[in-house]
Amino acid sequence: MGRPLSAPSSSLAPLLFLTALLISVAVSGAAASRATNATVPAILIFGDSIMDTGNNNNLATIIKCNFQPYGVDFNGGPTGRFCDGKIPSDIIAEQLGIKGSVPPYLDPSLQPKDLLTGVTFASGGAGFDPITAKLVVLKAHTFFFLLLMAVVSLSQQLQYFQEYIAKVKSIVGEERANFIIGNALYLVVAGSDDIANTYFTLRARSNYDIPGYTDLMSDSASNFVQEIYKLGARKIGVFSAPPIGCVPSQRTAGGGPMRVCADNSNQAAILFNSKLKSKLDSLHQMLPNSRVVYIDVYSPLLQIIQTPTKYGFEISEKGCCGTGAVEVAILCNKFTPPCPNVNAHVFWDSYHPTEKTYRVLVTELLDKYSRDLLG
């Protein structure tokens, strides 16, 4: 008969306890990751160029970017993302373990399996104001050009979502489709183009003062959330407007000779955000079994812009493309080469952040809001 096992010595006990604890944490972490994947089967996105991965590519609009130097850091080159690399839709899907990138719904090569884990309906140039998607403005030097070339409005994105639901049901059947629709993560990102272009640059809503216009925007946002809820959405995150007056193009347009942040645009964004948050908080209480969450982008992006070195950047007042002051969409092209070090810049072009900036933002936002959104 063998010797009875003795208790571990006092010197080994802490080591054994630590080992057991580490194993427990690892198992718990893996379980948590699997739980996230199981409860968030897909990501579905609506909005503007911040989340557009290529829906504008085949539209009759100049608001597109499926050409160099866009996509310089994206595997595969230019795709229609308004960035050097990945954008928030991709990074959020990646960090939640859903998939590495989110395809545009209007991609002609879209496969059935792509639909099951989500797409983006977002279109560069869209807004909460219905007329924003019909008005495109570009600034070249001191001249503004108004072009009536429509992109995909939020109302059309809603119609595409209905079409998407029918397609998913035809692929996996109604029961599984209902599970996907009911458990997917929904993100809505719009408002920047309403404030920057429709209201301040084009003065297309001159019959509204700023309080009235931000009412129009917040009412439209609330109505849109209610519409996707009716179609089955339950986990809905709506991004605030950013500090739009501090993006390079708006510094150029409204920041004077020193190109400071355009305060009127920022104040409009702040007012809109306060109204949006109030409406979303009400919807969260009103809509049964919903998780309607206001996601504050204004504050963290402003922090990055104001203190870029804290986050590993050097330049926040100009984009990387061309002069960095006006170039965006077709004005950022092969004749306006990018800067030598994109990672030093907060902004890629005169309107959109770099992938590095997006990664800093997304990490912070997921840390702050994922529990409220996903449970």
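Trainee: Which elements do the buried residues of helix 2 pack against?
Mentor: They pack against strand 1 (43–47), strand 4 (185–189), strand 5 (235–239) and helix 11 (355–374). Keep in mind that this is a predicted model. Contact here means heavy atoms within 4.5 Å.

Trainee: Why is helix 2 called largely enclosed?
Mentor: Count its residues. Helix 2 covers residues 88–95, and six of the eight are buried, so the rest of the structure largely encloses it. The buried ones are Pro-88, Ser-89, Asp-90, Ile-91, Ile-92 and Ala-93.

Trainee: What backbone feature comes just after helix 2?
Mentor: Gly-97 has a positive phi there, about 75°.

Trainee: Next, the sulfurs. What makes Cys-246 and Cys-261 a disulfide?
Mentor: The S to S distance is 2.1 Å. The cut-off is 2.5 Å. The pair therefore qualifies as a disulfide.

Trainee: Why is the disulfide of Cys-246 and Cys-261 given a hand?
Mentor: Look at the torsion about the S-S bond. It is about 115°, so this disulfide is right-handed. The two cysteines are 15 residues apart: Cys-246 is in the loop between strand 5 and helix 8 (248–254), and Cys-261 is in the loop between helix 8 and helix 9 (263–286).

Trainee: How many disulfides does the structure hold, and what pattern do they follow?
Mentor: It holds three. With bonded cysteines counted along the chain, the pattern is 1-2, 3-6, 4-5.

Trainee: What makes the link of Cys-320 and Cys-339 left-handed or right-handed?
Mentor: Again, the torsion. It is about -100°, so the disulfide is left-handed. Both cysteines lie in the loop between strand 7 (315–319) and strand 8 (345–347), 19 residues apart.

Trainee: How do you know whether Cys-339 is buried?
Mentor: Its relative accessible area is 17%. The limit is 20%. Cys-339 therefore counts as buried.

Trainee: Which hand does the link of Cys-321 and Cys-332 have?
Mentor: With 115° about the S-S bond, it is right-handed. Cys-321 and Cys-332 both lie in the loop between strand 7 and strand 8, so the pair ties together parts eleven residues apart in sequence. Cys-321 is buried at 0% relative accessibility, and Cys-332 is buried at 0% as well.

Trainee: How do you know that Cys-65 is in no disulfide?
Mentor: The nearest cysteine sulfur is that of Cys-332, 8.7 Å away. A disulfide needs 2.5 Å or less. Cys-65 is buried, at 1% relative accessibility.

Trainee: On to the rings. Why is the pair of Tyr-70 and Phe-82 called edge-to-face?
Mentor: The centres are 6.3 Å apart, with 75° between the planes. Pairing needs centres within 6.5 Å, and edge-to-face needs over 60 degrees. Tyr-70 is buried at 0%, and Phe-82 is buried at 2%.

Trainee: What makes the pair of Tyr-199 and Phe-200 edge-to-face?
Mentor: Their centres are 5.0 Å apart and the planes stand at 85°, so the pair is edge-to-face. Tyr-199 is buried, with 11%. Phe-200 is also buried at 11%.

Trainee: Which residues do ring pairs link into a cluster?
Mentor: Phe-46, Tyr-105, Phe-121, Tyr-160, Phe-161, Tyr-164, Tyr-186 and Phe-224. The count of aromatic pairs comes to 16.

Trainee: Last one. Where does the charged end of Arg-234 sit?
Mentor: Over the ring of Tyr-229, 3.8 Å from its centre. The distance limit is 6 Å. Likewise, the charged end of Lys-356 sits over the ring of Phe-313, 4.6 Å from its centre.

Definitions and conventions: Residues numbered from 1 in each chain as written. Predicted model: local features only at pLDDT ≥ 70, side-chain atom pairs only at ≥ 80, totals over all residues. Heavy atoms only, no water. Buried < 20%, exposed > 50% of the residue type's maximum accessible area, 1.4 Å probe, protein only. Helix = DSSP H or I, 4+ residues; strand = E, 2+ residues; numbered from the N terminus. Phe/Tyr/Trp six-rings, centres within 6.5 Å; stacked < 30°, edge-to-face > 60°. Lys NZ or Arg CZ within 6 Å of the ring centre and 35° of its normal.
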